[in-house]
Amino acid sequence: MVKELWESQPDMRFFQLLDWIESEYSKQNDRFGQQHLFKRDSYQVEEPFSYIDLFYLEDEQLESFLKRFVEENKIRQVLEKGQAEKGSQYWLQQFVNNRQEDLNDLILMSSPSLLTFLDKERSIQWKSPLRETGYQEYRNEFLELESVRRGRRIELEKYWPRMGPQWDGYAAVAGKDGQKGFVLVEAKAHVKEMKSSIRAKDLDSRFLIESTMKETMEAMGSRAPIEIWQNRYYQFANRLAYLYILNEKMGIPTWLVLVNFLNDGTYIPTDSLKWVEHYQKVFSEMDIKAESNPLFDRIVTVFPKCH
C-alpha cells in the first residue's frame, strides 16, 4: 500500500512520502502522535515547533488507515484529472456542481416547452459532469445509464456511428404521466469554438452521417448547402442531428441546450452582443428557422455570467 501511494506521487522523496502518511494519519485520528517542543534559533531564542511520532502506533491500525487512504487518494486523483481549469468546460463544471439552481432557472426561463413537459417538481437531474464521477463526459453510452432507456443504444446506432459526439453535459428530466427525457448540453465560452468540420474517415460512417444529416435538414426546413452543416458548423450540426434522432426516430423527449458563457475571464471573454450576432449568423447560414420546424422549440440558448 505504501508502494501504491508512492507510485501515485512519483515526485516525492521517500521520507517526504513517510512524512505525508504520518501527517494524514495524525490529522484523521485526533492528532495522534503529535509532539510539541521548543528549539533555540541561532540567537538562542526559543521557538515552538511540532512534529509527529508514530512510534507507538500498532501495525493493525496503520494497515486499516492505509487501506482507506489508498482509496481516498485514488478518488482524489480521478477528480483532479477530470477537473478543468479554464474555458467552457471549467464553467459548466462549476455550474452543474455548485450552482445547479441558477443553471436550471436559466434553462427553464428560456424553454416553455421544457417547463410544461416537467412534472410538478420541475426536476432536472444532472448526470454529467459530476464531481463524484470525476467530471466524466459521455457519448452514446449516456442512454445505457438510464434504466428506462437501456437497449436503445443499438437503435441509436442505426442513425449515427457507434461513438457519437461527446456531450459537455447531460441531465435526465421527468415529465407528466411518467414520461422520461433528456437535456443534452453543448457549452461554449467564445464564438471560435463553433467552427468545425466533419472528421470521420470511415466511408460507411460518413455515409450514415450524411444520410441522417440530410434527413435532419429536411425535417428542420433547411435548404442550406450540406457543406455548411458538414464543413463549417459540423459540431452544432451533429448535435441537431441527435436532437432529431432522439425526438423523431426514437420518441425520446430531448432538448438541446446551448450554454454560452458571458465574459469568461479564464480564457477568451465574450459579451452578450457578440453571442447574439454570432447566433444570428449561424442560424442564418444553416437556414434554421422556426417556421415548419417542429424541433425549433427544443433548441434552448442560455447565457450564464461567469463570476
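Reader: What makes the residues of α4 and α5 count as meeting?
Author: Contact means heavy atoms within 4.5 Å. On that test Leu-92, Phe-95, Val-96 and Asn-98 in α4 meet Gln-100, Asp-102 and Leu-103 in α5. By class, this contact holds four nonpolar, two polar and one charged residues. The model is predicted: local features need pLDDT of at least 70, side-chain atom pairs need 80 or more, and totals for chains, interfaces and linings use all residues. Numbering starts from 1 along each chain as its sequence is written, and side-chain values use heavy atoms, without hydrogens and water.

Reader: Why are α4 and α5 called roughly perpendicular?
Author: Helix α4 (residues 87-98) and helix α5 (residues 100-110) pack at about 100°, with axes 5 Å apart. Roughly perpendicular covers 65 to 115 degrees (under 35 is roughly parallel, over 145 roughly antiparallel, the rest oblique). The pair is therefore roughly perpendicular.

Reader: What makes the span of α2 close to the expected one?
Author: The expected span is 1.5 Å times one less than the number of residues. Helix α2 (residues 14-28) has 15 residues, and 21 Å is expected. From first C-alpha to last, α2 reaches 21 Å. After α2 comes Asp-30, with a positive phi near 55°.

Reader: Which residues of α2 are called buried?
Author: They are Leu-17, Trp-20, Ile-21, Glu-24, Tyr-25 and Ser-26. Buried means under 20% relative accessible area (exposed is over 50%, partly exposed in between; 1.4 Å probe, protein chains only).

Reader: What makes a set of residues a nonpolar core?
Author: Its members are buried Ala, Val, Leu, Ile, Met, Phe, Trp, Tyr and Cys, joined through side-chain atoms within 4.5 Å. The largest such core has 44 residues. Phe-142, Trp-160, Trp-229, Phe-236, Leu-240 and Met-286 touch the most other members. Elements giving two or more residues include β5 (180-188), α8 (203-219) and α11 (272-285). The largest share, 10 residues, comes from α10. Apart from this core lies another of 25 residues, among them Leu-108 and Val-257.

Reader: Which residues does Trp-229 touch?
Author: Leaving out residues up to four places away in sequence, its partners include Met-213, Thr-216, Tyr-234, Ala-237, Leu-240 and Met-286.

Reader: How do you know that α8 is roughly perpendicular to α10?
Author: The two helices pack at an angle of about 75°, with axes 9 Å apart. That angle makes α8 roughly perpendicular to α10. Residues of α8 in the contact include Ile-209, Met-213 and Glu-215. Those of α10 include Tyr-234, Leu-240 and Lys-249. By class, the contact has nine nonpolar, three polar and two charged residues.

Conventions. Axes fitted to C-alpha atoms, helices over the stretch in contact; angles between N-to-C directions. Helix = DSSP H or I, 4+ residues; strand = E, 2+ residues; numbered from the N terminus. Nonpolar A, V, L, I, M, F, W, Y, C, P; charged D, E, K, R; others polar.
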